[in-house]
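User: I'd like to learn how to read a two-chain model step by step. Could you walk me through it?

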Amino acid sequence: MTGEPGVTGEPTFLGLPTAPPGVGHLRGSEPFPAAARRALADTQLRRNLGKATSTIRAKRARVVGELPDWEALRQAGQQIKADTMRHLDRYLEQLEAQVTARGGVVHWARDAREANQIVTGLVRATGATEAVKVKSIVTDEIGLNEALASAGIHAHETDLAELIVQLGRDRPSHILVPAIHRNRAEIREIFLREMADADPGLTDSPAALAEAARQHLRRVFLSARVGISGANFAIAETGTLCVVESEGNGRMCLTLPEVLITVMGIEKVLPSWADLGVFLQLLPRSSTGERMNPYTSMWTGVTPGDGPQQFHLVLLDNGRTAALADQAGREALHCIRCSACLNVCPVYERVGGHAYGSVYPGPIGAVLSPLLTGIEDNASLPYASSLCGACYDACPVKIDIPSLLVHLRARHVEESGPSPEAVAMAAAAWVMAGPARYRAGQRAGRLGRLLGRGGRIRRLPPPVSAWTAARDAPVPPAQTFREWWRER
Amino acid sequence: MRVALFVTCLADTLFPQAGKATTALLERLGHQVEFPAAQTCCGQMHVNTGYARAALPLVRRYVQVFEPYEVIVAPSGSCTGSIRHQHAMVARRCGDEALAARAEAVGARTHELSQLLVDVLGVEDVGAYYPHRVTYHPTCHSLRLLRVGEAPLRLLRQVRGIDLVELPDAEVCCGFGGTFAVKNADTSTAMLADKMRSVLATRAEVCTAGDSSCLMHIGGGLSRLRAGTRTVHLAEILAATAERPA
């Protein structure tokens with residue numbers, strides 16, 4: 001029997017929910033080309049990014065080159081992640097059971113709004129009006145600081161770069177180095193302006209800036225009752241959480257407060273400790289270009305008399321199961337947030353992170369953000385790449401980002417209605433699918449010879465006028481190759 | 001050896017000299033070049049812009065036209081990359097598993113010019129003479145999709161009279177990227193500006209590459225600036241001799 005949905009007992013599947021609009025930072029206010037145009041005009045930004053990314057690129061290349069089994073490690077990383085995604089439900093339930101058995105409390109948040117409500121409620125219950133934060137992109141993704149602020153709770157960023165961003169009322173522009181768009185002189189200005197206790201004689205030497213931040217934060221650390229973190233990894237077999245960092249601020253946040261709240265995307269789970277061994281080799285080398293990061297903190301539930309006596313783990317979806325439902329796109333969930341793809345991307349290096357409009361910029365952001373929000377809300381991002389492939393080569397878990405970008409472009413075209421571009425593309429394909437039509441097209445194109453002046457074309461009509469804004473176009477030759485071949 | 005030439009729609013229509021040079025070079029090396037006239041375009045522009053389904057007839061045409069040949073050559077790393085790495089994907093996306101299998105087989109027999117010469121034919125000295133200062137730009141798809149590696153440079157190093165100079169930051173994209181150059185024209189231009197800075201720093205009179213598309217981009221920028229450096233396809237340099245200069 002056929003009939004309306006519901007009548008047959010077959011429910012209509014509306015798709016898995018994506019990250020909701022109106023909360024968090026996964027969507028920009030304007031399309032990428034427009035945001036990029038403004039960023040490209042900022043010469044200070046171009047200089048800062050060029051210098052920073054080339055430095056990290058060189059460091060990464062050096063330490064990756066030291067490992068004879070780098071390719072095998074990448075392969076292992078890719079396979080562990082693929083297995084984890086295939087059985088994500090099982091590993092997450094295992095993680096929940098283990099965390100709970102060891103005295104932690106697990107909360108499931110379907111989206112940013114729910115996660116913010118959970119965390120706000122947990123902080124409120126302690127009576128605290130302040131919290132200290134470990135650097136965490138997922139809490140930037142959900143806009144946690146704003147949510148806490150509207151509940152009268154001030155979240156102190158304790159990572160140096162996050163502090164610079166917070167004090168500057170700015171947005172992070174890089175996954176690993178959130179203030180990569182700022183140079184020393186700019187950071188000094190921000191500190192002098194925003195830190196009441198800053199020494200007026202503060203110089204812009206890195207040591208002086210770090211010391212100023214250290215003095216500023218010390219008081220905060222010692223009085224904080226609530227710590228908030230993200231997680232780099234969570235190990236399902238024991239319920240252990242892991243945060244890797246460079247500055248030691250994370251260790252302070254994870255050990256000093258009475259209450260620790262960790263927000264983690266559901267894709268961060270790993271099956272076992274043996275798997276962690278692979279990723280602790282891949283991540284530091286790919287991110288900071290170090291053999292090992294200075295601080296690796298791991299904790300399992302609550303230990304009486306040692307460290308936080310309350311531990312809450314918030315497992316966040318916010319579009320991740322929607323990404324998982326895309327069989328090709330789910331590979332983007334393998335990302336371990338190392339940011340190697342940003343540092344090698346010629347687009348990112350020139351436009352910076354803000355142009356992407358999402359807390360996840362660069363090549364991985366251009367696939368991850370649309371997967372989390374739904375493509376229509378980040379439709380320009382999959383096109384923000386020349387498909388040069390440098391990101392794929394650099395990715396420690398071998399995410400084929402160029403193919404994912406092409407896949408998302410196809411999904412965008414297939415999911416949106418007819419457009420002038422679609423009509424033009426269909427016409428071009430029709431012309432090229434028949435040799436006679438193709439030859440006729442070539443003859444028509446030869447009219448372009450009329451546009452030629454001095455062996456070049458300085459101005460083409462729309463829609464290709466953007467080409468000749470900065471580049472000459474070639475004048476079509478008097479004879480095509482096939483005409484030459486026929487005559488020879 | 002009998003070699004089928006896939007000239008690419010771009011070279012056919014706008015840069016026929018790349019196709020002529022490929023023909024002249026292979027014939028000079030004693031091979032028999034055939035040009036199947038029913039060929040058109042590999043469909044890469046469609047696939048990379050999101051129109052994989054529209055590209056299906058182009059994939060089918062490529063497979064049908066070149067299936068009879070054992071060795072196929074294209075003077076383009078990018079089109080060869082699309083044929084090898086995208087044709088089967090397009091067929092699968094459209095649910096045509098049989099076409100996907102055929103596309104994989106034909107793709108494996110399709111070679112970019114420098115790879116055909118060095119890896120398949122085992123030749124590095126093609127007897128060329130080109131008395132100019134030249135810098136080589138390894139295009140992204142040649143480098144990272146096809147892994148041509150040093151093949152083009154090994155060919156260029158054997159050319160008589162050439163003054164080959166290394167391009168700084170050679171492996172960075174020139175900013176072409178197909179429709180990226182138009183959809184994200186500003187970013188594309190910023191990338192081009194840096195590539196031109198590198199090219200001009202070499203003081204070369206010629207910038208060469210294995211792709212007419214990237215050369216069209218770099219050359220379009222250099223021409224706009226009246227920079228005094230021209231772009232020439234790798235095939236043209238390798239085809240040039242003292243008797244028949246480029």
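Analyst: Happy to. Let's begin inside chain B, where 26 residues of domain 1 are in contact with 22 residues of domain 2 of chain B. Please keep in mind that this is a predicted model.

User: Which stretches are domain 1 and domain 2 of chain B, and how many Å apart do their C-alpha centres lie?

Analyst: In chain B, domain 1 covers 2-120 and domain 2 covers 133-239. The C-alpha centres of these two domains of chain B lie 22 Å apart.

User: Which elements give two or more residues to the side of domain 1 of chain B that touches domain 2 of chain B?

Analyst: They are α1, α2, α3, α5 (77-85) and α8 (113-120) of chain B. By class, that side of domain 1 of chain B has 12 nonpolar, 12 polar and 2 charged residues.

User: How is chain A divided into domains?

Analyst: Chain A has domain 1 at 37-320 and domain 2 at 439-487. Their C-alpha centres in chain A lie 53 Å apart.

User: Now the overall build. How many helices and strands are there in chain A, and how many in chain B?

Analyst: Chain A comes to 22 helices and 12 strands, while chain B has 14 helices and 8 strands.

User: What does the radius of gyration say about chain A?

Analyst: The idea is to set the value beside what the globule rule gives for a chain of that length. For the 488 residues of chain A the rule gives 23 Å, and the radius of gyration is 26 Å, which is close, so chain A is as compact as a globular protein of that length. Its C-alpha trace spans about 90 × 75 × 50 Å along the principal axes of chain A.

User: And what is the radius of gyration of chain B?

Analyst: Chain B has 18 Å, which agrees with the value near 18 Å that a compact globule of 246 residues would have. The C-alpha trace of chain B spans about 50 × 45 × 30 Å along its principal axes.

User: Let's turn to the interface. How many residues does the contact take from chain A and from chain B?

Analyst: In general, the size of an interface is often given as the accessible area lost when the parts come together. Here we can count residues instead: the contact takes 50 residues from chain A and 51 residues from chain B. Several helices of chain B each supply at least two residues of the side that touches chain A, including α2 (16-28), α4 (56-66), α12 (185-201) and α13 (212-224). By class, that side of chain B has 28 nonpolar, 16 polar and 7 charged residues.

User: At what angle do α1 of chain A and α12(B) pack?

Analyst: Two packed helices are described by the angle between their axes and the distance between the axes. Helix α1 (residues 32-40) of chain A packs on α12(B) at an angle of about 40°, with the axes 8 Å apart. That angle makes α1(A) oblique to α12(B). From α1(A) the contact uses Pro33(A), Ala36(A), Arg37(A) and Leu40(A), and from α12(B) it uses Asp186(B), Thr187(B) and Ala190(B). These residues divide into 4 nonpolar, 1 polar and 2 charged.

User: How do α19 and α20 of chain A cross?

Analyst: The axes of α19 (residues 420-432) and α20 (residues 435-445) of chain A come within 6 Å and cross at roughly 115°. That makes α19(A) roughly perpendicular to α20(A). Trp430(A), Val431(A) and Met432(A) of α19(A) meet Arg437(A), Tyr438(A) and Gly441(A) of α20(A).

User: Is the crossing of α16(A) and α18(A) left-handed or right-handed?

Analyst: The crossing of α16(A) and α18(A) is left-handed. By class, this contact of α16(A) with α18(A) has 9 nonpolar, no polar and no charged residues.

User: Last topic: the backbone. Which residues does a cis peptide bond join, and where is Thr8(B)?

Analyst: Most residues other than glycine have a negative phi, and most peptide bonds are trans. In this model, a cis peptide bond joins Pro462(A) and Pro463(A), with omega about 5°. Pro463(A) is found in the loop between β11 (456-457) and α21 (465-468) of chain A. Thr8(B) lies in the loop between β1 (2-5) and α1 of chain B, and its phi is positive, near 80°.

Definitions and conventions: Residues numbered from 1 in each chain as written. Chains lettered and ligands numbered in written order. Predicted model: local features only at pLDDT ≥ 70, side-chain atom pairs only at ≥ 80, totals over all residues. Contact = placed C-beta atoms within 7 Å. Helix = DSSP H or I, 4+ residues; strand = E, 2+ residues; numbered from the N terminus. Nonpolar A, V, L, I, M, F, W, Y, C, P; charged D, E, K, R; others polar. Left-handed = near helix turned anticlockwise from the far one by under 90°. Domains from an automatic or database assignment. Axes fitted to C-alpha atoms, helices over the stretch in contact; angles between N-to-C directions. Parallel < 35°, antiparallel > 145°, perpendicular 65-115°, else oblique. Rg over C-alpha atoms; globule rule 2.2 N^0.38 Å.
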